[in-house]
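Subject: Handover of a protein structure

Dear colleague,

Please find the structure below, together with its sequence.

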Amino acid sequence: MTLGGSLTHWYFHLPNFILAALMYTLLGRVLLGLIVQPDSSNYIWRFFCRITDPFVALITPVTPKATAPVVIWMFGVVWLFWLRVGLLYLFLVLGAVPRSG
């Protein structure tokens, strides 16, 4: 794949990249949340929280109130995974998926 070839399909790669980055950042928050206190002043923990808090705020209303935060974050990872699968399916249906070769 050449640089010019991948830039022609930016409409697919950009949203997929953003969703993937958010998904893996949320997964990192899950793993880090197992060893770091929620009110920690660790700069890496604060970064993970700052990046993922807007998405967590979107999925919190659709989860039960008694759910532990780490479970909400895991559900967020699952939601983001399925959003990426849905994005791929949408582009497949539209015939706009980049093809190799």
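Which residues does Thr25 touch, not counting residues up to four places away in sequence? Thr25 touches Phe48, Ile51 and Thr52, where contact means heavy atoms within 4.5 Å.

Before the details, two remarks on the source are in order. This is a predicted model, in which local features need pLDDT of at least 70 and side-chain atom pairs count only at pLDDT 80 or more, while totals for chains, interfaces and linings use all residues. Residues are numbered from 1 along each chain as its sequence is written, and side-chain values use heavy atoms, with hydrogens and water left out.

The overall fold

The protein has four helices and zero strands; both are DSSP runs numbered from the N terminus, with H or I over at least four residues for helices and E over at least two for strands. Along the sequence, the pattern reads α-α-α-α. The radius of gyration of the protein is 17 Å, well over the 13 Å that the globule rule gives for 101 residues, so the protein is more spread out than a compact globule. That radius is taken over C-alpha atoms, and the globule rule is 2.2 Å times the number of residues to the power 0.38. The C-alpha trace spans about 50 × 30 × 20 Å along its principal axes.

Of the 101 residues in the protein, 32% are buried. Buried means under 20% relative accessible area, exposed means over 50%, and partly exposed lies in between, with a 1.4 Å probe and protein chains only. The accessible surface of the protein comes to about 7200 Å², and 73% of that surface belongs to carbon and sulfur atoms. Accessible areas come from the Shrake-Rupley method with a 1.4 Å probe, and for residues only the protein chains shown count as cover. Among the contacts with a separation of 6 or more, 64% are between residues 24 or more positions apart.

Thr25 has its place in helix 2 and is buried, with a relative accessible area of 16%. The C-alpha atoms of Thr25 and Cys49 are separated by 9.1 Å, although the two residues are 24 residues apart along the chain.

Thr52 is found in helix 3, which covers residues 43–59. Thr52 is buried, at a relative accessible area of 0%. Leaving out residues up to four places away in sequence, Thr52 touches Leu22, Thr25, Leu26 and Arg29.

Arg29 also takes part in a salt bridge with Asp53, in which the side chains meet at 2.8 Å, N to O. Arg29 lies in helix 2 and Asp53 in helix 3, so the pair ties together parts that are 24 residues apart in sequence. A salt bridge is a side-chain nitrogen of Lys or Arg within 4 Å of a carboxyl oxygen of Asp or Glu, and the count by this rule comes to one. Arg29 counts as buried because its relative accessibility is 6%, whereas Asp53, at 37%, counts as partly exposed.

Met23

Met23 is placed in helix 2 and is buried, with a relative accessible area of 6%. Neighbours within four places in sequence aside, Met23 is in contact with Val77, Leu80, Phe81 and Arg84. The C-alpha atoms of Met23 and Phe81 are separated by 7.0 Å, and the two residues are 58 residues apart along the chain.

Trp10 and the aromatic residues

Trp10 lies in helix 2, which covers residues 10–33. Why does Trp10 count as exposed? The reason is its relative accessibility of 54%. Together with Leu14, Phe17 and Ile18, Trp10 forms a nonpolar patch on the surface with about 480 Å² of accessible area. Patches are made of residues with over 30% relative accessible area and no salt bridge; like charges are joined within 9 Å, and nonpolar side chains (Val, Leu, Ile, Met, Phe, Trp, Tyr) within 5 Å.

Rings of Phe, Tyr and Trp (its six-membered ring) pair if their centres lie within 6.5 Å; planes under 30 degrees apart count as stacked, over 60 as edge-to-face and the rest as tilted. By this rule there are six aromatic pairs. One of them joins Trp10 and Tyr11 edge-to-face, at 6.3 Å centre to centre and 80 degrees between the planes. Tyr11 counts as partly exposed, at 29% relative accessibility. Trp10, Tyr11, Phe12 and Phe91 form one aromatic cluster.

Yours sincerely
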